[in-house]
Amino acid sequence: MARVTRRLLYWLMGAYFRLQVEGLERVPRDGGVIIAGNHPSLLDGILLWAVSPRPVRFLIAEDMYRHPLLHPLFVAFGCIEVRRTVSCNGEALRNAVEALERGEVLGFSRRAPCIFAARCDRSSKAQHSLR
């Protein structure tokens with residue numbers, strides 16, 4: 001399902017935008033890798049997901065992750081919920097690290113690490129692992 005959805009999304013985005021994708025050969029064929037968008041917008045994530053040669057698991061803020069229409073898609077595509085309402089996002093960070101250790105592709109916008117760093121105290125393992 002994810003592969004078909006990505007291809008359909010790529011086709012739709014290509015019909016609306018003039019997509020020019022470069023550098024896909026730099027994405028490793030296997031092993032854990034992080035793909036990051038350079039803008040804090042929803043569109044970056046959608047485009048990265050659509051053009052990536054490998055399935056991408058994105059870190060998604062809880063307010064978007066729990067959206068009634070989008071939640072089933074995020075679950076189906078293995079997205080990782082990042083909670084802004086808890087004191088530390090250890091679970092989200094653990095899930096992200098485990099995904100990378102399993103050789104998966106992890107995607108996030110440039111603002112995602114701020115969520116971890118701002119919500120965890122200085123002595124937590126999550127904070128130190130971001131340095």
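**Close-up views of the predicted model**

View A. Glu81 is classed as buried because its relative accessibility is 15%; the classes are buried under 20% relative accessible area, exposed over 50% and partly exposed in between, with a 1.4 Å probe and protein chains only. The model is predicted, so local features need pLDDT of at least 70 and side-chain atom pairs pLDDT 80 or more, whereas totals for chains, interfaces and linings use all residues. Residues are numbered from 1 along each chain as its sequence is written, and side-chain values use heavy atoms, with hydrogens and water left out. Arg66 and Glu81 form a salt bridge through their side chains at 2.7 Å, N to O. This pair links distant parts of the chain, 15 residues apart: Arg66 lies in the loop between helix H3 (62-65) and helix H4 (71-76), and Glu81 in strand S3. A salt bridge here is a side-chain nitrogen of Lys or Arg within 4 Å of a carboxyl oxygen of Asp or Glu; by this rule the count comes to 4. Helices (H or I, at least four residues) and strands (E, at least two) are DSSP runs numbered from the N terminus. Glu81 also forms a salt bridge with Arg83, with the closest N and O atoms 3.9 Å apart. Arg66 is partly exposed at 48% relative accessible area, and Arg83 is partly exposed at 30%.

View B. The side chains of Arg102 and Glu104 meet in a salt bridge of 3.0 Å, N to O. Glu104 counts as partly exposed, with 25% relative accessibility.

**View C. Strand S2 and its partners.** In S2, 6 of 6 residues are buried. Val56, Phe58 and Ile60 point one way from the strand, and Arg57, Leu59 and Ala61 point the other way. S2 pairs in the parallel sense with strand S3 (residues 80-82) over 3 bridges, and with strand S4 (residues 105-108), also parallel, over 3 bridges; pairing requires at least two DSSP bridges between two strands. Leu59 stands opposite Ile80 in S3, and Phe58 stands opposite Gly107 in S4.

**View D. The largest nonpolar core.** A nonpolar core is a set of buried Ala, Val, Leu, Ile, Met, Phe, Trp, Tyr and Cys residues joined through side-chain atoms within 4.5 Å. The largest has 15 residues, of which Trp49, Val56, Phe58, Ile60 and Cys79 touch the most other members. Helix H1 (2-16), strand S1 (33-36), helix H2 (42-51) and strand S2 (56-61) each supply at least two of its residues. Another core, of 7 residues, lies apart from it and includes Leu59, Ile80, Leu106 and Phe108.

**View E. Surroundings of Ile60 and Cys79.** Ile60, in strand S2, is buried with a relative accessible area of 12%. Not counting residues up to four places away in sequence, Ile60 touches Tyr65, Phe74, Cys79, Ile80, Glu81 and Val82; contact means heavy atoms within 4.5 Å. The C-alpha atoms of Ile60 and Phe74 are 8.3 Å apart, with the two residues 14 apart along the chain. Cys79, with neighbours within four places in sequence left aside, contacts Arg57, Phe58, Ile60, Tyr65 and Phe74.

View F. Over residues 112-131, pLDDT stays under 50, and the model has 35 contacts beyond four places in sequence for them. pLDDT is the predictor's confidence in each residue, from 0 to 100. The protein has a mean pLDDT of 77, and 76% of its residues reach 70 or more.
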